Amino acid sequence: MLKVLVLFLLLIAGVVVGPMISGHQGYVLIQTDNWNIETSVTGLAIILILSLIVILLVEWVLRRLFRTGARTRGWFAGRKRRRAHRQTQNALMKLAEGDYKQVEKLLSKDADHAEQPVANYLLAAEAAQQRGDEIRANQHLDRAAELSENDRIPIEITRVRIQLARNEDHAARGGIDRLLEVAPRHPEVLRLAEQAYVRTGAWGALLDILPAMQKAQVGDEAQRDALQQQAWLGLMNQAMADQGSEGLKRWWHKLSRKTRQETALQVAMADHLIECDDHDTAQEIVLDGLKRHYDDRLVLLMPRIKSGNPEALEKALRQQIKQHGATPLLHSTLGQMLMRHGEWQQAADAFNQALAQRPDAFDYAWLADVYDRLHRPEDAANMRREGLLLTLKNNPGA
């Protein structure tokens, strides 16, 4: 640009100086409808130079003015950014204090000028929800949605979290289903999905996300196992409520063999079948479970089973005694089974062996009933007295 200006000035200078040196300045006529302008070539060149100088001067003044305006706007914008940053820092301190009213106020006041406006509005929404202002929470969420163009996951996560806080469980589940489509292994999405599915009884969906929870290391193994058991029990309850014993058995047989061999599920299944008055199937499950793995919970179910083949239960108990020793639980359970069949002396022997290893108020009561059947009133009275003393000892305030 500078080179062009220099060449232009040299050209003008040549036009002006040349005629002056030669003594001929030339003649220029500019004519319009109303007026005529007459001048020499030299005068026209001077006018053009002066006009160029004026134009450059005006351009310089305007440039300085606009530059000053931009600096002024930048100063105001920077001031707002600095104030937003300071308010965000203060809001974090108030968050630590639990002052959610101040947190929301500080985060939302200049949120548009903050470094992360969407984050400010999302935190302000959660703060408003913490103090029960649902209208303000919704407004902050909507503003965050307006500012966020691409990444919608943080907004939807915050929305679901707020819905769960409001106990809008089914709405939260809908949001979780959409989030899992785009972020199936996001840890916070999985944590929120666990809450939503448990609250809405979506046990099948809960089982579906357990592998993803394991890969994302959401919760420890014990927590995931507990969730799995809860889901299976939920599905079991649904099957029993919908179709009773038959529906429950159909559902059970649809499970994989590995799943059916889990002791906790076998215990729950047998318990549900007993409630449905299907004692024969309950007995099959208990006996199958004991063949594979001994568990006290399976043994505790035996006295409640009223099947057409009680001898199988007694046989299984005696087999367990041979394998695992004369434990108090096994002898007590055997005594209860023998009482049901009227084998009083054998029942008395079983209860005495159980009590010899540990005192138990229930065993004392059952043994007293057995002694009544054997016409031994003094022994029965002694057992009831021992049971009463044990109860008072274990419950001194009763």
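This is a predicted model: local features need pLDDT of at least 70, side-chain atom pairs count only at pLDDT 80 or more; totals for chains, interfaces and linings use all residues.

Q: What's the secondary structure like?
A: It comes to 19 helices and two strands. As for contacts between residues at least 6 apart in sequence, 49% of them join residues at least 24 apart.

Q: Let's do a helix. How many residues has α15, and how far does it reach?
A: α15 covers residues 310-324, so to speak a run of 15 residues, and reaches 21 Å from its first C-alpha to its last. That is close to the 21 Å expected at 1.5 Å a residue.

Q: Which of its residues are buried?
A: In α15 the buried residues are Pro-310, Leu-313, Glu-314, Ala-316, Leu-317, Gln-320 and Ile-321. Looking down the axis of α15, they fall within an arc of 160 degrees, so the buried residues line one face of the helix.

Q: What do those buried residues pack against?
A: The buried residues of α15 pack against α13 (279-292), α14 (296-301) and α16 (328-340).

Q: And which exposed residues sit on the face turned away from the buried side?
A: On α15 that face carries Lys-315, Lys-322 and Gln-323.

Q: What follows α15?
A: Gly-325, and its phi is positive, near 90 degrees.

Q: Switching to charges: how many salt bridges does the structure hold?
A: The structure holds 18 salt bridges. One of them pairs the side chains of Glu-126 and Arg-161, at 2.5 Å from N to O.

Q: Where in the chain are Glu-126 and Arg-161?
A: Glu-126 is in helix α4 (residues 117-130) and Arg-161 is in helix α6 (residues 153-165). They are 35 residues apart, and the pair links distant parts of the chain.

Q: Tell me about α4 itself. Which residues are buried there?
A: Asn-120, Tyr-121, Leu-122, Ala-124, Ala-125, Ala-127, Ala-128 and Gln-129 are buried in α4. The helix α4 has 14 residues and reaches 20 Å from first C-alpha to last, close to the 20 Å expected at 1.5 Å a residue. α4 is followed by Gly-132, whose phi is positive, near 85 degrees.

Q: What does Lys-249 form a salt bridge with?
A: With Glu-246, and the closest N and O atoms are 3.4 Å apart. Both lie in helix α10 (residues 221-254), three residues apart, which is about one turn of the helix.

Q: Why does that spacing matter?
A: An α-helix has 3.6 residues a turn, so residues three or four places apart point the same way.

Q: Is Lys-249 buried or exposed?
A: Lys-249 is buried, with a relative accessible area of 18%, as the cut-off is under 20%.

Q: What about Asp-288 and Arg-292, where do they lie?
A: Both lie in helix α13, four residues apart, about one turn of the helix. Salt bridges that share partners also join Glu-126, Arg-161, Glu-188 and Arg-191 into one network. The side chains of Asp-288 and Arg-292 meet in a salt bridge at 3.5 Å, N to O.

Q: Last one: what does Glu-194 touch?
A: Leaving out residues up to four places away in sequence, Glu-194 touches Leu-206, Ile-209, Met-213 and Leu-227. Glu-194 and Met-213 are 19 residues apart in sequence and 9.3 Å apart in space, C-alpha to C-alpha.

Note on methods. Residues are numbered from 1 along each chain as its sequence is written. Side-chain values use heavy atoms; hydrogens and water are left out. The expected span of a helix is 1.5 Å times one less than its number of residues. Buried means under 20% relative accessible area, exposed over 50%, partly exposed in between (1.4 Å probe, protein chains only). The arc is that of the directions from the helix axis to the C-beta atoms. Contact means heavy atoms within 4.5 Å. A salt bridge is a side-chain nitrogen of Lys or Arg within 4 Å of a carboxyl oxygen of Asp or Glu.
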